[in-house]
Amino acid sequence: MVHTIKLEDTKSIPLSRIRNIGIIAHIDAGKTTTTERILYFTGKTYKIGEVHEGAATMDWMAQEQERGITIVSAATTTFWQPYFESTVSREPYRFNIIDTPGHVDFTAEVERSLRVLDGGVTVLDASEGVQSQSETVWRQADKYHVPRICFINKMDKVGADFFATIEDIRVKFGVKPAVMVLPMGSENDFRGVIQLIERKALYWKDSEADTEPQIMEVPAQYTEQVEALRAQLVELIAETDDGLLEKFFNEAEISADELRTALRKAVIAYKLVPVYAGSSLKNTGVQPLLDAVVEYLPSPVDIDHITGTHPKTGEEIVRQLVPEEKLSILAFKIQTDPHVGKLTYCRVYSGVLKSGSYIYNSTRDVKERVGRLLLMHANQREEIAEARAGEIVALVGLKDTKTGDTLCEEDTPIILEGILFSDPVISLAIEPRTKSDQEKMGMALAKLSEEDPTFKISSNAETGQTIIGGMGELHLEILVDRMKREFKVDANVGKPQVAYRETITQYAEGEGKYIKQSGGRGQYGHVLIKIEPKDRGTGYEFVNDITGGTIPKEYIEPTNKGIQEALERGFYAGFPLTDIKVTLYDGSYHDVDSSELSFKMAGSLSMRDAVRTAGMVLIEPIMKVEVSTPEQFMGDVMGDLGSRRAQIQGTTTRGAATIITALVPLAEMQGYVTILRSMTQGRASSVMLPSHYDVVPTNIAEKIVAERQASGAVRKIV
């Protein structure tokens, strides 16, 4: 049954019937296919768009359709009326859905989506189980406390194993899975699922056109297994609720409604994760999943409130998530649209935003005018007059707002928790082909970096080249392709370069004196610093230990700035220096000649002096690599990884495949996918995730420094 509910019929939908959900998972688990089925069954689309045909509604970019992958998160709004027996009302529910990418290179899209969602649907491949990127997005969702449901997809695929995937969820995610359904058959024999709480079998005929499940009694061969699994489920739910636990111990009957109500509370409190199963491609198992979103995932009412801080006083502010409250909005995504210009995707947490009104950006202390309000359906738009608490909309007309900014009313300001993104791990040089491309390239890069917070642009002062940095080779390849197609910029691109960093290994002290006398007013700045190494990945820390006014307060921050600028330039191989604690402990000043500039220069000179004896080393990004290969190629794959300075972490067997996990320097992994395919007749696949930074072996570090000096990119200081 396909529900067709028009937007105009749903203006009065209360907050309790809104679900802001994201579809998250590893690449190729079937997120976009599942989203396409949701849109079809809810009546949003009248034809199912297939990813493999390049016709998926949510994959609207040309690059997504060509490659069959999701690159940017796409938002849509649709409506669903509960299908099966339920404790909730049978009225329409509004779903604001975000379909996210699965590829690690586009992790920023997942990060920002999870920040504004109330619930998530994690899609897993029944034959692959919990893969590495699934673990990454799961941890991202943990960070933002997003309750989740798991959907074990591809039950019709060769090697599908429902119970092995359940065990994976328990072990790798570290959660308690609440098994809600039992699949009837698997691989070619998969025909449907049995709902355990209701003891009903949902049977889909073996016809792709037949999307309606037949509701039947549990087949005799499954009765015993269903009762055993149901008993486990009842015990699991009862453990989360004192009232039900008492009934359970007294062996009293617990009704289906009581179980569903208690399970909802447990899911919202992150105690249990309901698990469903099906095959999105074969239109099987999607309706129970949609009902589960209504039944178990939270509405804005369940989240209740959000906390922020006052931009000036820093005091904590609590806002209820209702339209009657003061306005608070988080901008989570910027997108350049060829028809309307800049679109700012926002989640309205509280209050009501009207089209044409003025709004205050409390993060940047600027006023903005909301030209138009749009409800998005992938790249289709629908204009609306107002957006209320709980909605996800796009704003047109905002000029200065960036990803992670808070929008509110000027007389009641608030700053909500922003969004943190990873630093780029790979970079490449890019230059325009012709003079006419020069100006266009600058504009295109600026727009793309505004859209994508993990895409960084810098210039090399020595060579004059523009350097672009991103999360992986695919990430940069897509961005260069977008420049060509969307902005008509032709560019020459250099080879990808790894984002090395420098750090120190021991304590050292340094002195910086900047004295200039050349007639008229001079310059005088003098600082003494201590530097010491910090744990890997902790970045830069500045400590002001000045006592007795040896350096006036107004010169402390300029000194800090001078130190940071020196760190950014690097001292060993011209790469930024990180994981360092700098303590400013003494110095002197001149009543007339001292200035902010002189202390900034002194800060920079003190850093240069200190690093000479601090045992500088080069560090490089290490990737966690997971290779899935048929057993016959395992020796070749492991041998090849060994030649790439890999540390093999372990191997596991799943069906006919062997999964090898290793830590490998990113510098050794360029073009690896192509080599792996040719080595295994195209039968192996790999996934690469950033793990940590580690020290580069001395012989390789010396070679990198020599190459950098030869190219004129750096002159050796240490």
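Helix H1, residues 31-41, is mostly covered, with 11 of its 11 residues buried. The model is a predicted one, and burial here means under 20% relative accessible area. The buried residues of H1 include the charged side chains Lys31, Glu36 and Arg37. H1 is followed by glycine 43, which has a positive phi, near 80 degrees.

Rolling a probe the size of a water molecule over the atoms shows where empty space is left. Three cavities of 30 Å³ or more are found in the structure.

The largest cavity contains about 160 Å³ of space. Its lining is made up of 16 residues, and those that lie nearest the centre are Gln195, Glu198, Tyr276, Asp291 and Tyr296. Helix H9, residues 286-296, gives the most to this lining, with five residues. By class, the lining of the largest cavity divides into nine nonpolar, two polar and five charged residues.

The second largest cavity has a volume of about 60 Å³. Ala75, Thr76, Thr77, Asn96, Ile97, Ile98, Tyr345, Met376, Ile392, Val393 and Ala394 line the second largest cavity. Strand S2 (74-80), strand S3 (93-99) and strand S22 (392-396) are the elements that each give two or more residues to this lining. The lining of the second largest cavity has eight nonpolar and three polar residues, and no charged ones, whereas five charged residues take part in the lining of the largest cavity.

Methods:
Residues are numbered from 1 along each chain as its sequence is written. This is a predicted model: local features need pLDDT of at least 70, side-chain atom pairs count only at pLDDT 80 or more; totals for chains, interfaces and linings use all residues. Side-chain values use heavy atoms; hydrogens and water are left out. On a 1 Å grid over the protein atoms alone, a cavity is a set of points where a 1.4 Å probe fits but cannot get out, and a pocket is an open set with protein on both sides within 12 Å along at least five of seven lines; lining residues have an atom within 4 Å of a point. Grid points are joined across faces, edges and corners, and a volume is the space filled by probe spheres set on the points. Helices (H or I, at least four residues) and strands (E, at least two) are DSSP runs, numbered from the N terminus. Buried means under 20% relative accessible area, exposed over 50%, partly exposed in between (1.4 Å probe, protein chains only).
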